[in-house]
Amino acid sequence: MEEKKKKSIGFNIIKSDPTEGHGGFGVGALSLDNVSPVIIDVDAGEAVIDVGAMHARSVVEKGIKFLKTKEEVPNAKPYWLVWVTIDRKQEGPYYAGVTACEMTVDREIRRGYKSLPEHVNRMDKSIKRHIIVDHMDSRSKGILTEFLKNHDAGMWERSEEKLKTDLQG
């Protein structure tokens, strides 16, 4: 039997602005073209891009009923959903917006915790080029740092100092 190879998914790359120059409908609208969701599995110590998270359909979220409080899911495994927005400067592309949202999942009972309004608001903040990662635990910050560096060292180097310093703690 032939082994299936894992399909490597990269970040959404910047496209040209379809509204550029004409000043008509859609000008000023936010675009999801440059946003990618990264899921951090804290226990496993790994991060992956899972585009299914754009619609709350990531591998981690599928088949899970999300409850309103963490206390309702005491044995849940910790995850982070990190919205990463790519932008371009003269020197090249960089990580422009990086915002993290907490999520916990207990596969055994098919229950989890996440705040949907927080996830939506953080995606919006990422699109608007905010960095919100200082509330993450240090292990998760390390996982995210390594993931972003390994994905593209140049984009990491061109990123704002705030991202690098907020991920150091």
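A residue is called buried when its relative accessible area is under 20%, exposed when it is over 50%, and partly exposed in between, with a 1.4 Å probe and protein chains only. With that in hand, let us walk through the structure. It is a predicted model, in which local features need pLDDT of at least 70 and side-chain atom pairs count only at pLDDT 80 or more, while totals for chains, interfaces and linings use all residues. Residues are numbered from 1 along each chain as its sequence is written, and side-chain values use heavy atoms, leaving out hydrogens and water.

Let us start with the overall plan. The protein has four helices and seven strands; these are DSSP runs numbered from the N terminus, helices being H or I with at least four residues and strands being E with at least two. Read from the N terminus, the order is β-β-β-β-β-β-α-β-α-α-α. Of the 169 residues in the protein, 42% are buried. Now consider contacts, meaning heavy atoms within 4.5 Å. Among contacts between residues at least 6 apart in sequence, 66% join residues at least 24 apart.

Which residues of H1 are buried? They are His119, Arg122, Met123, Ser126 and Ile127. These residues cover an arc of only 140 degrees around the axis, so they sit on the same side of H1; the arc is taken from the directions that run from the helix axis to the C-beta atoms. The buried residues of H1 pack against strands E1 (35-41), E4 (77-89), E5 (92-106), E6 (111-114) and E7 (131-132). After H1 comes Arg129, whose phi is positive, near 70 degrees.

Now to the charged side chains. Side chains of opposite charge can pair when their charged atoms come close. A salt bridge here is a side-chain nitrogen of Lys or Arg within 4 Å of a carboxyl oxygen of Asp or Glu, and the structure holds nine of them. One of these joins Asp87 and Arg129, with their closest N and O atoms 3.0 Å apart. Asp87 belongs to strand E4 and Arg129 to the loop between H1 and E7, so this pair ties together parts that are 42 residues apart in sequence. Asp87 is partly exposed, at 21% relative accessible area, and Arg129 is partly exposed too, at 34%.

Glu118 is partly exposed, with 22% relative accessibility. In helix H4 (residues 161-166), Asp166 and Lys162 are also four residues apart, about one helical turn. Their salt bridge has its closest N and O atoms 2.7 Å apart.

Finally, the rings. A charge sits over a ring if NZ of Lys or CZ of Arg is within 6 Å of the ring centre and within 35 degrees of the ring normal. The charged end of Lys89 sits over the ring of Tyr94, 4.6 Å from its centre. Lys114 lies over the face of Phe66, at 4.6 Å from the ring centre.
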